[in-house]
Amino acid sequence: VCVCVCVCVSRPRNRGGINSEPSILLAALNSNKMGKDGAKCLAELLHCNRTLTALSLSGNSEASPEGILHMAGALLHNSSLKRLVLSFIPLNSCTVAAAIGKVLCCRQSALSELIAVDCRVDQDAVKPLALSLHACLHLHKLDLSENPLRDEGCAKLAEALRHNSSLTELLLNWVCPSPLPCPSPSGFSGPCKVQGAAGSINTQT
């Protein structure tokens, strides 16, 4: 696997990987053809890492579903990661979506941003994600743009927002396949700014 890691350092120390090098804050591993084995190795590092705050895995579609399940399991024990980008990775398996949902509502997790653009999340796969928002206390931004949520999936998210007080930004751009119109954000309420193809509103009351 060819890996490109972008790092932001605070205090350079000894050489090492994500697990042993305390100065690595951000890792970008986009479109590296990372399969389930690579994702599993990364998950093992994340399990005990306490410095990484941002991880981008966009385009590594080969990592799903098994590799993403390993990642989700590891993040249940991680308290440093705040931003996770999984765009262009298939997350339409309800099992995978449920595993990610557990991370979102895990009290130990510090995850505040989840970016999942064009991940094939449909009205069924979004259900466990929406349910996790009921108990989520730390997620501030959720981007599900370009996923085929349709009206049913958006309705589940709208209902979840009624029970969520942490989310401040929800992006739902182009969540219906053409030629169906994308839903207007006007049906959403709560302390959250919802952005969609039809416009955006601030639902702060």
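How many of the eight residues of α4 are buried? Six are, which leaves this helix mostly covered. Here are some notes on the rest of the model, which is a predicted one.

1. Overall layout. The protein has five helices and eight strands. Of the 205 residues, 47% count as buried. The accessible surface comes to about 9,700 Å², and carbon and sulfur atoms account for 54% of that area.

2. Contact range. Take the contacts between residues at least 6 apart in sequence: 75% of them join residues at least 24 apart.

3. The main core. The largest nonpolar core has 52 residues. Those with the most contacts inside it are Leu55, Leu57, Leu86, Leu91, Leu144, Leu149 and Leu172. At least two core residues come from each of α1 (36-48), α2 (66-75), α3 (94-104), α4 (126-133), α5 (150-161) and β6 (169-172). The largest share, six residues, is supplied by α3. As general background, nonpolar side chains in soluble globular proteins tend to be buried together.

4. Leu149, one of the core residues with the most contacts. Setting aside neighbours within four places in sequence, Leu149 is in contact with Val121, Asp122, Gln123, Val126, Leu144, Cys154, Leu157, Leu172 and Val175. Two of these partners, Leu144 and Leu172, are themselves listed among the residues with the most contacts in the core.

5. Helices α3 and α4. The buried residues of α3 are worth a look in the viewer: Val96, Ala97, Ala99, Ile100, Gly101, Val103 and Leu104. Their cover includes α2, β4 (113-115) and α4. In α4, the buried set consists of Val126, Pro128, Leu129, Ala130, Ser132 and Leu133, and these residues pack against α3, β5 (141-143) and α5. Val126 also turns up among the contacts of Leu149.

6. The α1/α2 pair. The two axes come within 8 Å and cross at roughly 5°. Angles under 35 degrees count as roughly parallel, and α1 and α2 are therefore roughly parallel to each other. On the α1 side the meeting residues are Lys36, Ala39, Lys40, Leu42, Ala43, Leu46 and His47; on the α2 side they are Glu66, Gly67, His70, Met71, Ala74 and Leu75.

7. Leu84 in its strand. Leu84 sits in β3 (residues 83-85). Its relative accessibility is 5%, so Leu84 counts as buried. Beyond residues up to four places away in sequence, Leu84 touches Leu55, Leu75, Leu111, Glu113, Leu114 and Ile115. Among these, Leu75 also belongs to the α2 side of the α1/α2 contact, and Leu55 is listed with the residues that have the most contacts in the core.

8. Which loop holds Asn164? Asn164 lies between α5 and β6, and at 5% relative accessibility it counts as buried. A polar atom of its side chain lies 2.9 Å from the backbone oxygen of Leu133, and the side chain of Asn164 also reaches the backbone nitrogen of Leu167 at 2.7 Å. Leu133 is itself one of the buried residues of α4.

Technical notes. Residues are numbered from 1 along each chain as its sequence is written. This is a predicted model: local features need pLDDT of at least 70, side-chain atom pairs count only at pLDDT 80 or more; totals for chains, interfaces and linings use all residues. Side-chain values use heavy atoms; hydrogens and water are left out. A nonpolar core is a set of buried Ala, Val, Leu, Ile, Met, Phe, Trp, Tyr and Cys residues joined through side-chain atoms within 4.5 Å. Buried means under 20% relative accessible area, exposed over 50%, partly exposed in between (1.4 Å probe, protein chains only). Helices (H or I, at least four residues) and strands (E, at least two) are DSSP runs, numbered from the N terminus. Contact means heavy atoms within 4.5 Å. Accessible areas come from the Shrake-Rupley method with a 1.4 Å probe; for residues, only the protein chains shown count as cover. A polar contact is a pair of N or O atoms within 3.5 Å; within protein, one must be able to donate a hydrogen and the other to accept it, and residues adjacent in sequence count only if both atoms are side-chain atoms. Axes are lines fitted to C-alpha atoms, for helices over the stretch in contact, and angles run from 0 to 180 degrees between N-to-C directions. Angles under 35 degrees count as roughly parallel, over 145 as roughly antiparallel, 65 to 115 as roughly perpendicular and the rest as oblique.
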